[in-house]
Amino acid sequence: MSRRRGTRITQLQNSRAPSGGWRSPRNKKQCQSESKTHKNEVEAEDQGKEIKEMAPRASCQTMCPAQELRNRESQNRLHCFEVVPGTESFQKPKGDPLRAVKEYSRPAAGKDVTKPSYLRPPDVLLKTVCYLIDEIAGSTSLHPWTEVYSFVFDRLRSVKQDMIIQRLSGKDCVAILEPTVRFHIYASYRLCGEPLRIYDPRINDTHLQEYLSWLFDCYKTGSGPYPNQEEFQTLGLLYNLGSSPATQDILELPERLRQTPSLKLALAINRAFLEGNHVHLLRLVQKLDFLQACALHRHLVTCRRHLLLIYCHGYHSRNCRFPLDRLAQLLSLEPSLTAELCQVYGIEVNQHNQVLFSKSAFTEPDQGSLDCKLYHSIVSEKQRGLTVKSIIHGCT
């Protein structure tokens, strides 16, 4: 009985996964008669209807199911952000129903993840996401932010799990995915350069790409209107700069969207990146807002490296001296940081603040020697007085 239930749950989750829809198993035989094919198609259609009908109705009205809260409290598995203030030093701190959030757990054999009392309906899921942004990610008292990120990241995975099981789509889905995407984009900038043991950019990237794919699918298949579509299509292209699929997605959008200022700017930056026109790209970056710059920031190292390599070949001469101040303007960096970056790539800067480009001197830095965070001024300057809460809510 439990094995059949586990199979049905897996099919249910796959049916709304961002990466694609559910498919019936392929027949091992390569050749089938027309009648056999028709029969399989009918069975697949019936099975699809069965999966649709079995989508559970959620009934949990709190951010964390009561049973889970009791279990984690008894097992001393509550996060410090979830305990009742003043009980942190207890042997088993007490869980706060107003602060506890359902944690992500992998599907296990015999575990019924579709139980209504364990699933949160769309309005509760949205309330949970807003709580994670306002009270955790946007808090000025909770630190370090790596711990904040770890907690929010896990709880957002749990939200996604509930969404998939319930087969959420349309505006309910979009309302939850949009702030989630902003959070991951902001985190990719803020935690850039942190040790891998506390932040892995590849894991963040994997989940962000899934959220983006799911969000864009909602835009395509939903009835709309979606007032923030321009913003997120722009963020998706800037984050995946130079990607053919990302570019194709933009080109397939309606004309009214493609002609919006932010998308036209993103397309111009993408074209400059593909053409290797890094000076023009860095000039265009000045026009981006803060979150857009966060989405693009991971490409800045590549752009500056390519620009320096081109100049090493173009200005390779024993008597050529290039002004450091001019190079700093082209790289959108302070002169002192420009000199440091040149040194990282083996390019000499003399005592008169002149750059001596040489194609033979250009070397690739050792892994870990290039601290990307030092060269983020083009992004950080745009944040000004923006709070984390306003950034993730899109109030910029």
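Helix 7 (residues 201-221) gives the most to the lining of the largest pocket, contributing 4 residues. Helices here are DSSP runs of H or I with at least four residues, numbered from the N terminus. The model is predicted, and local features need pLDDT of at least 70, side-chain atom pairs count only at pLDDT 80 or more, and totals for chains, interfaces and linings use all residues. Residues are numbered from 1 along each chain as its sequence is written, and side-chain values use heavy atoms, with hydrogens and water left out.

The largest pocket holds about 670 Å³ of space. A pocket is an open set of points on a 1 Å grid over the protein atoms alone where a 1.4 Å probe fits, with protein on both sides within 12 Å along at least five of seven lines, and lining residues have an atom within 4 Å of a point. The volume is the space filled by probe spheres set on the points. Of its 23 lining residues, C192, G193, P201, L370 and C372 are the closest to the centre of the largest pocket.

Turning to helix 4 (residues 122-137), its 16 residues should span 22 Å at 1.5 Å a residue, and its end C-alpha atoms are 21 Å apart, which agrees; the expected span is 1.5 Å times one less than the number of residues.

H299 sits in the loop between helix 13 (290-296) and helix 14 (300-314). H299 is buried, at a relative accessible area of 11%.

Key. Helix = DSSP H or I, 4+ residues; strand = E, 2+ residues; numbered from the N terminus. Buried < 20%, exposed > 50% of the residue type's maximum accessible area, 1.4 Å probe, protein only.
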